[in-house]
Amino acid sequence: MAHTVTSPVYVVRDNIDTDQIIPAQYLTLVPTIAEEYVKLGSYALIGLPDALYPKRFISEGDISTPYKIVIAGRNFGCGSSREHAPIALGAAGVEAVVADGFARIFFRNCVATGEVYPYDSPVRLCDVLHTGDVATLDFDVDTLTVGGTVYSLKPLGEVRPVIDAGGIFNFARQSGMIAGEAPSH
Amino acid sequence: MTLTEKVLARASGKAHVQPGDNVWVNVDVLMTHDVCGPGTIGVFKREFGQHAKVWDQSKVVIIPDHYIFTADSMSNRNVDILRSFVHEQKLPYFYDVIDDPTGEWKFDASKGQLERQYGSNYTGVCHTTLPWKGHTRPGEILFGTDSHTCMAGAFNQFATGIGNTDAGFILGTGKLLIKVPETMRFFLEGALPLGVMAKDVILHVIGEIGFDGATYRAMQWEGPGVYSLSMDDRMTIANMAIEAGGKNGIFPCDQKTLDYVNERVAENGTKSEFEPVEIDAAQVFSYDKVFDLSKLEPTVACHPDPGNRKLAKELEHIHLDRAYIGSCTGGKTSDFLAFAEVVRGKTVKIDTVGVPATTKVVRELKEILWGGQSVWQILQSAGVQLTENASCAACLGGPVDTFGRLNKPMKCISATNRNFPGRMGNKESEVFLASPYTVAASALTGRITDPRTFMS
């Protein structure tokens, strides 16, 4: 895998719940059906109120986002247990969410699916960074660098190899916990 | 050990567990529904093979309830995906909207939203169905592909929401690796005063600890106040553990629990053996606080999150466009009876919508008579738009033709459990969470109103 990603960031505040990440009306899409997976991605973060987030995460007519890194405040991914949420972000092209903290089920779904890296940041980056700032996330040393400033992120620890493997099933196969060949995704 | 630790220790075959331990637990029941079921089935087949069999047919419960009464063809298709999986796997617990096991579901929009459009097996909202149909038992482990699965913690079990991938893993193996959470104790004393309901208890507590105050933790309810609460009350409270970020909510087991569970498992012929977990003398909590129920007042969680707490009486200047009663947490028979107590003989002033959680609630509201009139009629005479089509409905917005959905920016007071932006449909709307009493009183005045105004 690539060990760094450089991209403009998209900045959101506290309590971005799963309805804002992928509104309930789009949950009719089934993530394991390939074309519906892509479509889910095209709706990522469409539930953010326009007044608070005038710059759209995905431009009208596009199916993916130019922002591969999302910066968030507290409790990112709270609300429902819908796995559609990390999947929509991953399908849209997001590689990592860097937040003050995550809601439990969202964090777990990120790991189980391997769709995005959910990094905790000791510094409240949503107060410091602005949408469009270009950042480099270094997965080897767990840092986010923006305009010469280096922010240390909390290492992902034991869940890291699961996300690296592409989710819990791939990890379980690679480590011999379950038998069999990985299916083609 | 705390109640949660005891359930997890037993389910993982260990004498002792402590917070932070990662343990493989054996799953007693896995529940899924029409929104996450098709994806869960997709993961299961992709990972275990097209011809794989579920680990134990008697432990899988499938309840279509989210997007049922909608003309949205993908939603209708998703119910059909559940039906073919049930047929293929020969699953005994499927509460289908139609009676034909090989048929296709199609909602008939020309019949409108209010009139019954389901067969004899359909039940409605999954979390309310599980206890009714005898699938909740003390001491057990329940996972569901829905965040409000934590409602079953009312029955002295470990219950929590998971994603499709974890659910697909359970379908194949019957196991899941989980981290033992720290436990927070909420020790209840006293009894609820006039005009105050279980909903006010949980809204008060979430306001106290914050919207993420229980993240990664178990919320254990104890104390003499707990035993004064009905099972419905306990469900309302356990249901909203997730709204404080909690992993699960859990109650002790008492005679009320045993009576409720024994009656339901006998009625439905489901598994009747279970072993409750008792409260230990030695427990370690990450938080421990006493709450006096008698001091609580009607409480509201204001837009935009369930922790944004105010008292109803402080909000009487807020004008509303709609009142809504329904959902797992607020659409039980007892919730509608409380609502009816307030609106009986009066007329609502704003658009007021009622969606019973289950088909049993619909039946009971029609059977219970007050002064010769059914509660259903009493609610209708007060101007409440009631549907017979029990489901999650507008609690989570859903497809645009969902009954009660907020399709334009409006202010809505609701007996449901979540009020982040866009939750009930339109993302510029504002949702205020409150008890059925407070929702009813507010429906009568068109403003947020302390229900004690109408009670003596």
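Colleague: Why does Ser80(A) count as buried?

Modeller: Ser80(A) has a relative accessibility of 11%. Buried means under 20% relative accessible area, exposed over 50%, and partly exposed in between (1.4 Å probe, protein chains only). Ser80(A) therefore counts as buried at 11%. This is a predicted model, in which local features need pLDDT of at least 70 and side-chain atom pairs count only at pLDDT 80 or more, while totals for chains, interfaces and linings use all residues. Residues are numbered from 1 along each chain as its sequence is written, chains are lettered from A and ligands numbered from 1 in the order in which they are written, and side-chain values use heavy atoms, with hydrogens and water left out.

Colleague: Where does Ser80(A) lie, and which residues does Ser80(A) touch?

Modeller: Ser80(A) is in the loop between strand E2 (69-72) and helix H3 (84-92) of chain A. Helices (H or I, at least four residues) and strands (E, at least two) are DSSP runs, numbered from the N terminus. Leaving aside residues up to four places away in sequence, Ser80(A) touches Thr18(A), Ser147(B) and Arg418(B). Contact means heavy atoms within 4.5 Å.

Colleague: What makes the pair of Ser80(A) and Arg82(A) a polar contact?

Modeller: Their side chains make this contact at 2.7 Å. The definition asks for a pair of N or O atoms within 3.5 Å; within protein, one must be able to donate a hydrogen and the other to accept it, and residues adjacent in sequence count only if both atoms are side-chain atoms.

Colleague: Why is the link between Glu47(B) and Arg173(A) called a salt bridge?

Modeller: The two side chains meet at 2.8 Å, N to O. A salt bridge is a side-chain nitrogen of Lys or Arg within 4 Å of a carboxyl oxygen of Asp or Glu, so this pair qualifies. Between chain B and chain A the count is 6 salt bridges.

Colleague: How is the extent of the interface between chain B and chain A expressed?

Modeller: The two chains bury about 3900 Å² between them, 54% of it on carbon and sulfur atoms. Buried area is the accessible area (1.4 Å probe) that two parts lose on being put together, summed over both. In residues, 52 of chain B are in contact with 45 of chain A.

Colleague: How do you know that E2(A) and strand E3 (residues 96-99) of chain A pair?

Modeller: They are joined in the parallel sense over 4 bridges.

Notes. Two strands pair if DSSP finds at least two bridges between them.
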